[in-house]
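Please look through the sequence and the structure shown here. A short report on selected features is requested.

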Amino acid sequence: MTALALMGLLPENASTTGSVNLDGENLLQKSEAEMCRVRGNKMAMIFQEPMTSLNPVHTVGRQIMEPLRLHKGLSKSSAMQEAIRLLDRVGIPNPAERVSNYPHQLSGGQRQRVMIALALSCSPDVLIADEPTTALDVTIQDQILELIQTLVQEEGMSLVLISHDLGVIAENTDNVIVMYGGTVVESGKTDHIFDQLTHPYTQGLFAAMPKVGMGRGKRLTTIPGTVPDLINLPSGCTFTDRCPLASDICAGNIPPVNQMEGSHLVTCHHLQQAVSARSKGLYE
Amino acid sequence: MSSSSSQSFIGRCLNSRSFLVGGVITLFLLTCAAVSLFWTPGTIDISIKTRFLPPSADHWFGTDQFGRDVVSMLMTGTQNSITVGVVAVSIGLFAGVALGLLASAQRGWTEELIMRMSDFSFAFPAILSAIMITAILGPGGVNSIIAIGIYNVPVFARLTRGSANAIWAREYVMAARASGKNKFRITIEHVLPNILSILIVQATIQFAIAILAEAALSYLGLGTQPPHPSWGRMLNEAQTLMFLQPMQAVYPGAAIALAVFGLNLLGDGLRDVLDPRLSRKR
């Protein structure tokens, strides 16, 4: 949702407040026609589901060529050359032949590579990757992430990576924003946060990770309860129902933003308790 | 994989019995219409001397009460039915698909307006609304085509909007929007190609319905006017002679039935051949 809001692609009945700034311009104030020039050109997005994110009736080459012709005004033949170059760039073997394949002729990993080529086609400034590896198996996941990482460094793009996979985040990001129930609960430099887990939800996320050498037959740690109904979010802290530290104050009052070291911010009523619970483990 | 899927399209066509049978019947009707443009076995001019001749080598199905050759009448009538079908379905297809795509792309009150209007026109049975339209515009071949065409518009509008909405919800449409395409381009490049097979199948079926509707209108005297032959009017003329010359009614009736049967089979067959969900399973 946050990613779609950034792109201005929320359903028409949604309202967006605040501002989305890119190159000093507030994207929320732009008209739909102006946004069409930003999308795919300055901002591009990689989706979660490579299996369904390509149109089955067009060849992959044609789909990569479209934004090139749209935003850069390339001719058909030069767009084709560029599409082949991009497919080669994202590591698809034999790109000159693959370019005329239909999506169903490619595997999931290859399709995700095509999606990346599509997103990269106009060398955007910001690349949003919405759980780009969720639908892929582990070996392919690693290849895709490595590919995204190299491309981001070589093209000098900013990457917004959305993921549940903490390992993926630790390896691929500089800054982290932890979100729960649509609100930011913790944010800061990746190293800081991974060193000093503070918010009860962040601690829960880490506790829930399977650990090597945990022993067979032991259950994984979980955060009790379920995600709140996003239509009726609790009025105070969204994590109240599931938080081991919750008290009366959490239910009705929006928690304060506490500044930790540097840019590390934590949104919690019970900061001291949360900090001291780090060593004990909140969810044992 | 690529060779099997491209080769299997023709393979699927040959495998589908309804496609083959329907295709052959439709082709036969088209041939009849085409041949009748420059050759018919007999004449469709009135000649009282030759009325009610029994079937013979000169008149395969005999002649009617005005001495016209029945086979020639039927063949020339095919022209009429096919013209009505093609033009009326085209009117419905273009206007209906455009409205449906517009409704689906714009949503909101545009969609509401278009859909409520088509609901409204659905409230009248097809023939009834066609009769109403010909009553307003006056009877005649062209007006009956317009009437049937107008009846087809909401059918296609509804179908298009429904299937287009399903495509708009797809991830690749979201991906297309994320790459900066406007609604018009997405509609033309992504939505339309993906619903084309559904539309082709529906067009075939509407074609059969249009032929039926034209026959009904001509039977009622609201469609094709004399002297141009029409299956519906042949039925009407045969009606008074039902007990004297029953075969006079059987021939045009059989022609209408054959055309509708053939086109419906072709529609079913096309569905088997074109439907991506069915084809993916194979």
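## Basis

The model is predicted.

## An open sheet in chain A

Chain A holds an open sheet of four strands, paired antiparallel, in the order β6-β7-β9-β8. The edge positions are taken by β6 (residues 175-180) and β8 (residues 257-259) of chain A; each has a single partner strand, so one side of each is left without a neighbour in the sheet. Direction ignored, neighbouring strands of this sheet are turned against each other by 20° on average.

One residue pair can be named here: A:Val257 has A:Thr267 in β9(A) as its bridge partner. A helix also packs on the sheet: α10 of chain A (residues 200-207) touches β6 and β7 (183-189) of chain A. The direction of α10(A) makes about 100° with that of β6(A).

## A loop residue of chain A

A:Thr134 lies in the loop that runs between β4 (126-130) and α7 (138-155) of chain A.

The C-alpha atoms of A:Thr134 and A:Val212 are 21 Å apart in space, and the two residues are 78 residues apart in sequence.

## Chain B: elements and extent

Chain B has 11 helices and zero strands. Read from the N terminus on, its elements run α-α-α-α-α-α-α-α-α-α-α. Along the principal axes, the C-alpha atoms of chain B fill a box of roughly 75 × 50 × 30 Å.

Among the contacts in chain B with a separation of 6 or more, 70% are between residues 24 or more positions apart.

Chain B has 282 residues, of which 48% count as buried. The chain exposes about 13,800 Å², and carbon and sulfur atoms supply 70% of this area.

How far apart are the mean positions of the positive and negative charges of chain B? Chain B has 20 positive and 14 negative charges, and their mean positions are 10 Å apart.

Definitions and conventions. Residues numbered from 1 in each chain as written. Chains lettered and ligands numbered in written order. Predicted model: local features only at pLDDT ≥ 70, side-chain atom pairs only at ≥ 80, totals over all residues. Heavy atoms only, no water. Pairing = 2+ DSSP bridges. Helix = DSSP H or I, 4+ residues; strand = E, 2+ residues; numbered from the N terminus. Axes fitted to C-alpha atoms, helices over the stretch in contact; angles between N-to-C directions. Contact = heavy atoms within 4.5 Å. Buried < 20%, exposed > 50% of the residue type's maximum accessible area, 1.4 Å probe, protein only. Areas by Shrake-Rupley, 256 points an atom, 1.4 Å probe, with all protein chains shown as cover. Lys, Arg positive; Asp, Glu negative; His and termini not counted. Charge placed at Lys NZ, Arg CZ, Asp CG, Glu CD.
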